[in-house]
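Thanks for coming. I will go through one structure today, so please have the sequence and the coordinates open.

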Amino acid sequence: MSQIKQQDKWLNRNRIEYLIQGLFFLLSLVSITIVALVFMFLFKEGVPIFRIVSVREFLFGKLWYPTYTPADYGIWPMIAGSVVVTAMASLMAVPIGLLSAIYVSEIAAHRIKEFIKPVIELLASIPSVVMGFFGMVVVAPFLQNTFNIPTGLNVFNASLMLAFMAIPTISSISEDALAAVPRSLREASYALGANRWETISRVVVPAGLSGISTAIILGMSRAIGETMVVLMVAGGAAAVPESIFDSARPLPASIAAEMAEAPYQSNHYHALFATGIVLLIITFGFNLLADYLSNKYKMTEN
Amino acid sequence: MKIETRRQIYEFLGLFVIRLSMLIIVASMVLILGFIVYRGIGVISWEFLTQQPTDSMTRGGIFPAIVGTFYLVLGAITVSFPLGVCSAIYLNEYAGNGRVIRIVRFGINSLAGIPSVVFGLFGLAVFVVYFGFGSSILSGSLTLGLLILPVIIGASEEALKAVPMTYREASLALGATKWQTIKNVVLPAALPGILTGSILGVGRAAGETAPIMFTAAAFYTRILPRSIFDEVMALPYHIYVLATAGTHISQTRPIQYGTALVLISLVLGVNTIAIVLRARLRKRHR
């Protein structure tokens, strides 16, 4: 009798174990569920605009006058603004981010490393609104006076601020990639008579290249999705920028600036959600690419 | 010999550029922080921190914004802490290396990559409109909570990984089940690390602006919030509004500097604490 009870207890124990494991499993699916819901709700609120304009007109239309009658819903100027600002920010952030990663991984002494890694982490944690504010009150007047231009709120200023927001991402992920390069490769290079710079530039960096490319892509993804900086600093003109001192309105800035004024369920509202879809798809694409590259990287490592 | 000198020059230049890049980062960081501190420190006073704004925001303090940010962050961490820790437990303790785990990981990475303004749109469509919470602490907290979920998961996973395998083996060898092992052995050992990492989530949530713009933040509220369905002022939004949209942009400049200093001290302070604690924990586990 007691033996049967004991068995029951064991079975019960097992059942509870399975239940708990199932529960944790379900909770771990929350992230992917949220991602799916984000897509769903953005499409739900954004797609109705395509009853009024075609996808093509929306993406490549050069005029954005959502509050006029008849209204124009072309987001090409914003797409161009995002591309230009992100490309320029990458031009600045990629070399500095990568070189600083090399410094931390290959050159810095242990004590300096312990100090510099948190500094980069703290740079990443400066709120974007503060970066935007700094761009407005310090960088903008400086640019205006130095280059004698009508306004310092422009593509160049926004790119500069975005670069500082992308540097920590690029730096820390690249550093992980460099740290994963086996020591034996470096030793082999030194044994062949190569000096430090030759070892870094011809052995270590090429070996970490796939991890570094993941870092660059994630850094660019961060820059293209960053909102407050481009909202406060890029100038806000809904026109394709023609010089680096032109005003621009990248995709996130357009959404953030106008959402408060767009009446609920109006065409303007739907158009802004559709802008969000475009932004989401771009960043999602970047992430897919990063995911693919980092998996490929793991394969080569083994 | 000629080649030898050229190699040395290259090495010198290469290492110089590497050091220079590091210098640029540290210098700009010092410049940004130094400037905000320099301009903001004179504004900070007990009254600035504890009083309501007056004279259409051109005077007075930022107390409501501090309170609002506190509520939003508290709400966000309440939402994401349990979810994040549970996800991390599944990933580190239960999951193998199969296809499911890759999907879960992909989900977390994708979530981390969603732009903050898109979270704002999502919060607007789902919490504000669909669930009818309106622009409120609740909507804002939920939105911020989802945003910092990947941070919490990452930190919790690191903490769980740091628990030595021998702890688990000892517990299982004593006849404990997997859940008993997790509950009584793994979690207590990992808890300091999990909490430390979650502080990083707090810092992130406190500084975000775009997600709360359409879901929680108000330009000005006359009274402090009384329920989670009230709109609130928040520090980051306060800086943005005063610097761009107010009618007295230049008059409120000192308040902008002061608010920026308060926000930056809060975020960097919280992060510094987390980083220092984490460094100590890492040393202990080594």
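In chain A of this predicted model, the domain assignment gives two parts, domain 1 (2-51) and domain 2 (55-301). Taken over C-alpha atoms, the centres of these two domains of chain A are separated by 35 Å. Where they meet, seven residues of domain 1 are in contact with eleven residues of domain 2. The domain 1 side of that contact has five nonpolar residues, one polar and one charged.

Next, the contact between the chains. Chain A puts in 66 residues and chain B puts in 67 residues. Which element gives the most to the chain A side? That is helix α2 (residues 30-46), with nine residues. By class, the chain A side has 46 nonpolar, 14 polar and six charged residues.

Now to the core. The largest nonpolar core has 181 residues. The members that touch the most other members are Val130(A), Leu162(A), Ala166(A), Val229(A) and Leu72(B). Helix α7(A) supplies the largest share of this core, 15 residues. Both domains of chain A take part, with at least three residues drawn from each of domain 1 (2-51) and domain 2 (55-301). As general background, nonpolar side chains in soluble globular proteins tend to be buried together.

Let me stay with α7(A). This helix covers residues 155-179, which is 25 residues. From the first C-alpha to the last, α7(A) reaches 35 Å, close to the 36 Å expected at 1.5 Å a residue. Of its 25 residues, 23 are buried, so the helix is mostly covered, a residue being counted as buried when 20 or more other C-beta atoms lie within 10 Å of its own. Where is the kink in this helix? A kink of about 30° lies at Ala166(A), shortly before the proline Pro168(A). Ala166(A) was also named among the core members that touch the most others. Leaving aside neighbours within four places in sequence, the contacts of Ala166(A) are Ala89(A), Ala93(A), Gly97(A), Gly219(A), Met220(A), Arg222(A) and Ala223(A).

Val230(A) lies in helix α11 (residues 228-233) of chain A. Is Val230(A) buried or exposed? Val230(A) is buried, because 37 other C-beta atoms lie within 10 Å. Not counting residues up to four places away in sequence, Val230(A) touches Val85(A), Ala158(A), Pro250(A), Pro252(A) and Ala253(A). Val230(A) and Val155(A) are 75 residues apart in sequence, yet 8.7 Å apart in space, C-alpha to C-alpha.

The other valine is Val139(A), in helix α6 (residues 128-147) of chain A. Val139(A) has 19 other C-beta atoms within 10 Å and is therefore partly exposed. With neighbours within four places left out, Val139(A) is in contact with Phe134(A), Gly152(A), Asn157(A) and Leu160(A). Val139(A) and Val55(A) are 84 residues apart in sequence and 38 Å apart in space, C-alpha to C-alpha.

Last, chain B. Chain B has eleven helices and two strands. Along the sequence, the pattern reads α-α-β-β-α-α-α-α-α-α-α-α-α. Its C-alpha atoms fill a box of roughly 70 × 70 × 35 Å along the principal axes. Of the 286 residues in chain B, 49% are buried. Among contacts in chain B with a separation of 6 or more, 76% join residues 24 or more positions apart.

That is what I have; I will take questions now.

Note on methods:
Residues are numbered from 1 along each chain as its sequence is written. Chains are lettered from A and ligands numbered from 1 in the order in which they are written. This is a predicted model: local features need pLDDT of at least 70, side-chain atom pairs count only at pLDDT 80 or more; totals for chains, interfaces and linings use all residues. Helices (H or I, at least four residues) and strands (E, at least two) are DSSP runs, numbered from the N terminus. The expected span of a helix is 1.5 Å times one less than its number of residues. The bend at a residue is the angle between axes fitted to the seven residues ending there and the seven starting there. A residue is buried if 20 or more other C-beta atoms lie within 10 Å of its own, exposed if 12 or fewer, and partly exposed in between; C-beta atoms are placed from the backbone. Two residues are in contact if their C-beta atoms, placed from the backbone, lie within 7 Å. Ala, Val, Leu, Ile, Met, Phe, Trp, Tyr, Cys and Pro count as nonpolar, Asp, Glu, Lys and Arg as charged, and the others, Gly among them, as polar. A nonpolar core is a set of buried Ala, Val, Leu, Ile, Met, Phe, Trp, Tyr and Cys residues joined through C-beta atoms within 7 Å. Domain bounds come from an automatic or database domain assignment.
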